[in-house]
Amino acid sequence: MGLVPGMIKGLKVTARTMIRTLFGDGPPVVPAPSEHSHTVQYPHVKEMPADRARGVIALHEENCTACMLCARECPDWCIYIEGHKYLAPPRREGGKPRQKNALDRFDIDYSLCMYCGICVEVCPFEALFWSPEYEYSEPRIADLLHDKERLGEWMETVPDFEPYEAGSQQKVLKVPR
């Protein structure tokens with residue numbers, strides 16, 4: 001018998017919420033659900049994402065050394081990197097030429113990515129950043145494979161880092177522009 005009063009109480013809460021959504025707090029004259037609801041009418045009205053929202057991963061190509069650390073740590077194996085080595089001039093006169101990596105291919109397959117952020121956290125050269133952009137759907141699933149040029153375009157939308165609390169001993173991060 002204790003089930004019925006609980007169900008009636010739940011239906012009462014549901015009905016109250018429905019009436020408040022349809023009519024607001026005023027007298028119930030004309031229903032206007034779009035004015036009083038918490039739902040945003042998405043294609044026509046767009047909300048700003050929350051601070052530090054995870055949208056799409058942006059690549060700062062100049063900082064990437066093709067170390068493959070992000071691809072190795074990715075649990076979904078959705079990052080594809082190809083690079084080659086070349087000899088750079090010595091730093092000092094009479095020194096030995098040094099060997100450096102050059103990035104040939106950097107692709108992220110967003111149809112596989114689960115947006116865990118491990119690649120961003122593990123990058124030692126600050127080449128990967130979170131961008132709050134979330135509108136990058138494609139009609140074909142094959143088009144969700146973004147190359148380094150497309151990932152570089154997202155760098156314009158990366159917000160600046162928020163300052164740390166006073167007295168913090170951490171390195172102050174800056175977004176390369």
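1. Start with a lysine. Lys148 has a relative accessibility of 13%, so this residue counts as buried, the cut-off being under 20%. Lys148 lies in helix H5. What does Lys148 touch, leaving aside its neighbours within four places in sequence? The contacts are Leu59, Glu61, Leu103, Asp104, Phe106 and Asp107. Please keep in mind that this is a predicted model.

2. Next, the core. The largest nonpolar core has 31 residues. Ile79, Phe106 and Tyr110 have the most contacts inside this core. Several elements supply at least two residues each: strands E1 (56-59), E2 (79-88), E3 (98-109) and E4 (128-131), along with helices H3 (69-73) and H4 (118-122). Which element gives the largest share? That is E1, with four residues.

3. Not counting residues up to four places away in sequence, Tyr110 touches Val56, Ile57, Tyr115, Tyr136, Leu144, His146 and Leu151. Ring pairs also link Tyr110 with Tyr115, Tyr136 and Trp154 in a cluster.

4. Now the aromatic pairs. The structure holds four of them. One is formed by Phe129 and Phe161. Is this pair tilted or edge-to-face? The pair is tilted, with 6.2 Å centre to centre and 55° between the planes. Phe129 sits in strand E4 and Phe161 in the segment after helix H5 (148-153), so the pair ties together parts that are 32 residues apart in sequence. Phe129 counts as buried, because its relative accessibility is 5%. Phe161 is partly exposed, at a relative accessible area of 40%.

5. A second pair joins Tyr136 and Trp154. Their arrangement is edge-to-face: 6.0 Å centre to centre, 65° between the planes. This pair, too, links distant parts of the chain. Tyr136 is in the loop between E4 and strand E5 (145-146), while Trp154 is in the segment after H5. They are 18 residues apart. Are Tyr136 and Trp154 buried or exposed? Both are buried.

6. On to the sheet. Three strands form an open sheet in the order E2-E3-E5, with antiparallel pairing. E2 and E5 stand at the edges with a single partner strand each, so one side of each has no neighbour in the sheet. Strands of a sheet pair through backbone hydrogen bonds.

7. How many bridges join E2 to E3? There are 10, and the two strands run antiparallel. Among the bridge partners in E3, Arg105 pairs with Glu82, and Arg98 pairs with Ala88. E3 and E5 pair over two bridges, again in the antiparallel sense. Here Asp109 stands opposite Leu145 in E5.

8. Finally, E1 and E4. Four bridges join these antiparallel strands. Val56 has Ser131 as its bridge partner in E4. Val56 is also one of the residues that Tyr110 touches. In a regular strand the side chains alternate between the two faces of the sheet. In E4, Leu128 and Trp130 point one way, and Phe129 and Ser131 the other way. Which of these four are buried? All are.

Technical notes: Residues are numbered from 1 along each chain as its sequence is written. This is a predicted model: local features need pLDDT of at least 70, side-chain atom pairs count only at pLDDT 80 or more; totals for chains, interfaces and linings use all residues. Side-chain values use heavy atoms; hydrogens and water are left out. A nonpolar core is a set of buried Ala, Val, Leu, Ile, Met, Phe, Trp, Tyr and Cys residues joined through side-chain atoms within 4.5 Å. Buried means under 20% relative accessible area, exposed over 50%, partly exposed in between (1.4 Å probe, protein chains only). Contact means heavy atoms within 4.5 Å. Rings of Phe, Tyr and Trp (its six-membered ring) pair if their centres lie within 6.5 Å; planes under 30 degrees apart count as stacked, over 60 as edge-to-face and the rest as tilted. Two strands pair if DSSP finds at least two bridges between them.
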